[in-house]
Structure formats: C-alpha cells, structure tokens
Amino acid sequence: MTRECAVLLPGVCAALADPRQPGLDDTCLEKLLDWFRSLTWFDSTAELLQDNPCLTELITSVLALPDPSPSILSFTLQLAGILASSESRFQLLQQEKLLGRLFGREGPRGSAAWEDASVRSAWVKGVHSMVHHQPALHFLCSTGGMDVIFTMQGDPSLFVASAASQLLVHILTFSLESEISKALGAKECEWPACAQMIVKHIAESLQSGSASHIEQSLKLLSSLFGSSFGSCCAAWTEVLWSDIAKQIESFLQEETVQAQPVLANLLLNVARSPVFCGAEGSFWALVTSALEHLTPVQAGPLAVGLLKLCKCPQDVRIQALTVLLQPMDCILRAASQPLEYAGLLDESVSDPVTVESLLSSKTSCAGLLCQTLTHLEKLLSLEHLRVDLPCVSLLRSLMTILQFCNGFLSPASPLGSTISRNLINCFRVQKSALDVLAALSEKKDCNTLIGSLFDVLLAYLHSPNTSPTVLKKTFQATSKWLVHLQELSCSNSQWQQTEKILEDVFLVLQKRLCSPCWEVRDSSLEFLTAMVKCLRDQEEFRQRLLSSEVLRLTENLLEDPESYVRASAVTAVGHLAFITCFAPESPVIGNLCNKENTVAKLQEILSTDSEGFPRRAVISIFTTWLREGCTGQLEDTEQFVSRVIQTVEHDLDWEVRLGGLELVEVFCSQTICQLSQCPYAPVSSAVTSSTPQNELLQVFCRAKLFGFLFRSLCDCDKPVGQRACDVLIGLRGHFYPVSTLENPQEIEDSPAGRGIAWLQRTLRQGSLAQHFPTDGGDGVDFQDPESMMLALGAIDLLELHDELNKSSDHVEESPQSLLQDILATVGTIEDNEVDCY
C-alpha cells in the first residue's frame, strides 16, 4: 500500500462505519474490495492489519451498530473474509474475537439483517475468501457454518444458492487437497472431517425423497465433477462415485424423479474425469442406461458431449450418435413410401414411438428438431469425429425437413402429414436445418443428391414466403454448395448441370437484388460477394455473371436509400472489380467494367456519403485492392493513396480514419519491399536514380503520409493514435538501426530541429487532432524528407506508445483516486481534491 493511500484509509474507514454518513455507491464498495483482494493476493503476512489498525476498528464499529445498513454489513463480511484469507491475519482477527461475530453463531445469520439476500450472499463470499487454510476450515465446521451453507443451497435467491454450491465444491476440494497424500483404497478410505460432512449431506439428500433436495445435491455433484476435483482428487472421485452410483441408477429407472436434465449433465461431467477414461467398469453401462431412459430432449446434450470425448468407448459413442439421429430417422421414414428409402438407423436406442410422439406434438416438434440440428452442426464442425455420419441419408432428411417447412412435399404417411403441419413456415427449424446443410457441404460423399439439393435451395430463394432471415441462411448454404459443385464439375465434367444451376442462381439473384425489402437486397449483395470471392477464377461463373443483369443492378445499389445496403454494394463492387477491371482479359463495356469509373464512384462515396457504413466499406475495399496489387505501378499507387488519406483524415468516423491507417501501413510495407528490390518485386523506372532510403522518404512525403500519421497520433479516438504510433515505429525501425537515433539536443538549433522539438512537445501534450496545425505549424514541414527523417529519429515514439496504451482511467481508477472519491462523497475533503471522472 502506498503512503498516500495509508494516509487516506483511516478517514475512509471512519466514514464507512459512521451511520450518519450517506450510503456509498455499491460500485465504490466493490472497487474497494477489489483493491483489498489485490493487496492480500501475494502477501500472506499480518502487516496489512498491523500497519492499518483502522481496518479492525472498522469491523468492530460496524458490529457495534444496532442496525447497520445491508450494504455496509455486506461490505464488512466480504472485507473480513478477504483479510482472513491468510493464516496469520486469520489468527489476528480471531484474537480480536471478530470472526465469530461475523461468521459464527453470534453473527448476522440469526438477525433481521439475514433476511436481505445481499447479506447472505456476502456471508457466503466472505467464507469462500477465508477458507484457504486449515484453521479457517476448522472454524467453519466448529461454528455450525456447514449447516448454514447446506440450507443456502435452497435459498430463494438464485445468486445465493449458486454461490453456496460453489462454496461447497471449494471446501470439499480444499479439504482433500490439504490432506497429506496417501494411498487410498475404495473400502479403507476415510474422508477428512469437513469433507465427510459434505459427503454425508449429499447421500442423505439423495435418499430423502424430496425433489428439491435431490436436485440440489445432483447439481452440487455435477459442479463438483465438473471442477478441478475430478482431476486432482482422482482416488476420492472414485470413492465418491462408488457411494452414489446405485442411487443415480435408481433415479434413471424412476419416472417420478424430475431431475433427469441434471442427471444428464452430471453423467457428462463424470465422463470427463480421467478416472473414467477407460472402457472397463460399470460407469459406462450406467451411461448407456441413461441414453436409453432419458427422453430424447434430455439425452441430446449428453449424447453430443460424449461424442466430443476422446476416450469414450466406441459402442457408447455409436449409441450416442444413434440418439442424435433418431429424430432425423423418424422424419425420413415419415416422408417416404414404406420401401422407397431406408432410414438412417438400423435400430433405435430407445422406443421410436417416443420420438414420433414428440414430433407429432405442435409444442415439442420444433424444439426437438432445433436441438437435434444444433447438436449435429456442432459435430460436423469437429475436425476429428470418431464415428461415421451417414451423410447421404442425413442430407436427404434435411431436405425433407426444409420441404415440410415450406409445404413443397406431400407426405406419404399420416405421421408425415402431422409433422408437415407442425413445421409449415417454422423459421427456427428452417434456419437450423440450413446451418447443418451448409456444414454438410464440406463432406465429399453427398454428390448423388446435388441436383435435388439445389432444387430445394432454389425453391427457397424463389419463394415469396421465405422470410428475410431464412433467405440469408439459404444464400449462405447455397454459396457453400456452389463451391462444392464447382469442385465436382472440375473433376467429373458435369458442365451442363453446373451451367444450369448457375443460370438459375443468377436469375433469382437478379430478382432479389430488386426486392422492396432492404434486408433481402443486403443479403443478396453479401451472397454475390461470397460467390465472387470463391468462384472468380472459374470461367463458367465469370461468363454467367457477365451475361446477367447483376453488374448493373449492383451498381444501382450504390445509391440505395439504406446505408447497410450501400455498404454491401460497395463491398460487392469492390470484389466484382477483380473480374471486371483488374483481370487481364477484363471486359471493356459498361461503367462498372471501367476501372477509372469504379474508383471515382467509390472515392465519391468515401467523401460524400452521410453514413459511416458505406465509407468504412470503401476504405476496406481500397485496402484489399492495394494488398492484391491492383492499383497499378508505384506512381499510380502513390497518387491513389495520397488522394484517399487526404479524404479520410477529415472523416468524422474513427473507424474510417483507422481504415486509412491500415491502408497506409500496407502501402508502406509494399513500397519498402519494392524499393529495397525484394526478389521478384517489379521496380519502376522512376525509382532507380537515387538510393532506396532517399527515394522511400520522397515517396512517403509526396503521398503526404507523415502529416496524416503525426496528426493521427493526436486523434481524440485512442485506437487511431495507437495504430498511427505502430506505423511510425515500424517506419523508424526501417530507417534507423536502434543505435543511430538522433540526439534531440544536437538537432534543436537548426530550423528543422526547432520544428521537430515543437512537434515532440505538442505530441506529449496529447493535443486533440482539431488543435493540431494543419499547415505544419512552427516550421514543421511534413513533406520535407530531411525533416521527417529527423522527426523519426528524434521523437520518442516508444514513450508515446506507452502513453497511448495506458487505460484512459489509469489515474481515475487508481486506489488513491478511489479513496479520495469516497471521502469526497461523504464530504470530508475539499471539492478540488477529488478526481472527477
């Protein structure tokens, strides 16, 4: 603790204990507690209490109050717990007889204050902070604290109940970890006293017949096995599980027990424990039983969790996958004639009638399918799935669901008719099914259904009943499958099918680009951009694009009344330019196919559009073009960058200015590479007449980079200043080896040096950009190579970097400032001594 804080602390403690003072803001009290946590975290000595007796005086004064406010009592409970977290400070507080009056029988847990949930929560938090040594554990057990925590598991406040459960996990784990390690056998194990109380409480609750007590204990066990306990207390884990396994098994058989979802979570957490990694033992038999007896909704999370485990036995893994595929199997069978298609599964884990009844119910059908589809999407995203998914049948089932949802399929069975009625226009299921459909595009064995699949996708793209959100998902799935189709047509010459699908896609895209709904126009442009990114090198795609109306419609949308659409149109036009403007065989018809017109149009948007989104899109596209080398020879690129940054530096949107700095960074790195004559880098004829260093400085000065960068250092939005500083440090690293930086004292006598000194002082003051002279002020010429070389060498950019990277509240949120604010709030110091945020 600093001397300044030690001086302020007694006044703060006195104010906190004074009932006449106004109550402090809870945020201030939390910050104060955070400060004490940081003070005690690495220091276990009693010096904090010995050097600051005002802390124990605060606790004593609050305990002496006849009716302390809940906020001050809560603060005191948590503060005492934090202070008592080390054994030496615990003993000191015990000598003062304070801990018993806070956490013992004579404390607030028997008073009217206990009715306030914040006081109960603070008691739990205080105990949690304190129990990090054996004396605290013994104190808690001997003063009846364990029974209080057991009761709090069922507290009406969910925050208190959750904190109590976490505390029990901590106590059990700590009490076992702190025991001297010894070989433990399942039958001869003796739990330490405190742990024994918890284990006995769990066993009694599980056998109590009380639904609430059973659920509380199952949640506690689930938290316990999901914590570090399962890995660091392996022998105890095995013993604990052997004590409760029979009871858990009985719950799975009893239909009356309402805690099945908690059971599924418990089994999954136990399965993750290293103790149960092997294929042997009764545990996996219990997991198999759970997959059979839990409802499909309850078993789904358990199944997908098991499939993610590395060491789950293969037969259990197959059973888990079967659970997830059952609803999809039911859909497929319900939609087919009896012998038309096989389902996904040869046999079910549980009774198929259960799944059929859930899908037949309007209330449960969508919920079950959305959960199942979400789980399947997670599995498809895994790099190594240790079971084989029946991808073809799964794809057919997804197509069936989508056709049920839009009414395009006439089911062949009564069950299918019922499911179809339940799913018609169900947006939730449509979106989930399309997500899985997109994920399946990565699989290579679905080629036989690709024609039928595009029929389904195009039906959604054409249908006026498709909602904007579902349409967006359909576009995303379509773009992924188009990439798959392109790979397929390259390998097996299915040109005709590909051309027909592309033709249909462009026809529907033209229609959607003219939609009266702005979300649809926006999604259509995003889809176009995604296609161009992936397929721009494919000849049939390029031809189909150029022969459609898409280019003209996209250009029109640059003037759309909705700013999101204009931004998406900018991005689409920017990527279309790789086909229409920058490719060697680019067409030469139409405005969009003309490079100069395209650049001019986007520059006009950058300088005149009233909304930030389109301007951000333009600067992002310009940076993309620069990275891809599309802006021409160095002289052309220099002029292009100069024009852009002169527009950008006056933009009111900080993200546009930040984008300008990214453009500058790319330009600098490319120019350095070019003029340093990197292998294979083309060098302009105009740059061979002088040394690369001089030429580089001249290029950067002509492009007016330095004025932009130095002004950006003083930008009122910190990310802009930070990025500008990073770019300048990078440039200095190129122009100056570390040992050859200029000495500011030596250069200050020259006219240029005086300007640089003024610049250094200005930057240190952190002046806002609008106060930064635009004409170079005080003799700084930002376009003079010699001056800029001096500036890079003399200005302490690393010091500026440190300042810019400091949190903006590094002064205001210091402990000293916090203590001053508290004292100011209670009116004990002058106003001018306060840090005003």
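A salt bridge (a side-chain nitrogen of Lys or Arg within 4 Å of a carboxyl oxygen of Asp or Glu) links Glu526 and Lys472 in this predicted model, with the closest N and O atoms 2.6 Å apart. Glu526 belongs to helix H28 (residues 518-535) and Lys472 to helix H26 (residues 468-492), so the pair ties together parts that are 54 residues apart in sequence. Both residues are partly exposed, with relative accessible areas of 35% for Glu526 and 30% for Lys472; buried stands for under 20% relative accessible area, exposed for over 50%, and partly exposed for values in between (1.4 Å probe, protein chains only). Helices (H or I, at least four residues) and strands (E, at least two) are DSSP runs, numbered from the N terminus.

Residues are numbered from 1 along each chain as its sequence is written. In this predicted model, local features need pLDDT of at least 70 and side-chain atom pairs count only at pLDDT 80 or more, while totals for chains, interfaces and linings use all residues; side-chain values use heavy atoms, with hydrogens and water left out.

The whole structure contains 24 salt bridges. Glu215 pairs with Lys219 in one of them, at 3.6 Å between the closest N and O atoms. These two residues are four apart in helix H13 (residues 211-225), and therefore about one helical turn separates them. Glu215 is partly exposed at 31%, as is Lys219 at 45%. A salt bridge also joins Lys500 to Asp504, where the closest N and O atoms are 2.8 Å apart. Both lie in helix H27 (residues 495-513), four residues apart, or about one turn of the helix. Lys500 is partly exposed at 44% relative accessibility, whereas Asp504 is buried at 19%.

The chain has 43 helices and zero strands. Of its 837 residues, 52% are buried. Helix H17 (residues 283-293) is mostly covered, with eight of its 11 residues buried; among them are Phe283, Trp284, Leu286 and Val287. Contacts (heavy atoms within 4.5 Å) were also examined by sequence separation. Of the contacts in the chain with a separation of 6 or more, 71% are between residues 24 or more positions apart. The chain exposes about 37900 Å², of which carbon and sulfur atoms supply 51%; accessible areas come from the Shrake-Rupley method with a 1.4 Å probe, and for residues only the protein chains shown count as cover.

Helix H31 (residues 563-580) includes Arg566, which is buried at 10% relative accessible area. The Arg566 side chain makes a polar contact with that of Asp609 at 2.8 Å. A polar contact is a pair of N or O atoms within 3.5 Å; within protein, one must be able to donate a hydrogen and the other to accept it, and residues adjacent in sequence count only if both atoms are side-chain atoms. Beyond its neighbours within four places in sequence, Arg566 is in contact with residues including Leu557, Pro561, Asp609 and Pro614. Tyr564 is also placed in H31 and is partly exposed at 38%.

No disulfides (pairs of cysteine sulfur atoms within 2.5 Å) are counted. The sulfur of Cys370 is 5.9 Å from the closest cysteine sulfur, in Cys426, which is too far for a bond. Cys370 is buried at 10%, while Cys141 is partly exposed at 23%.
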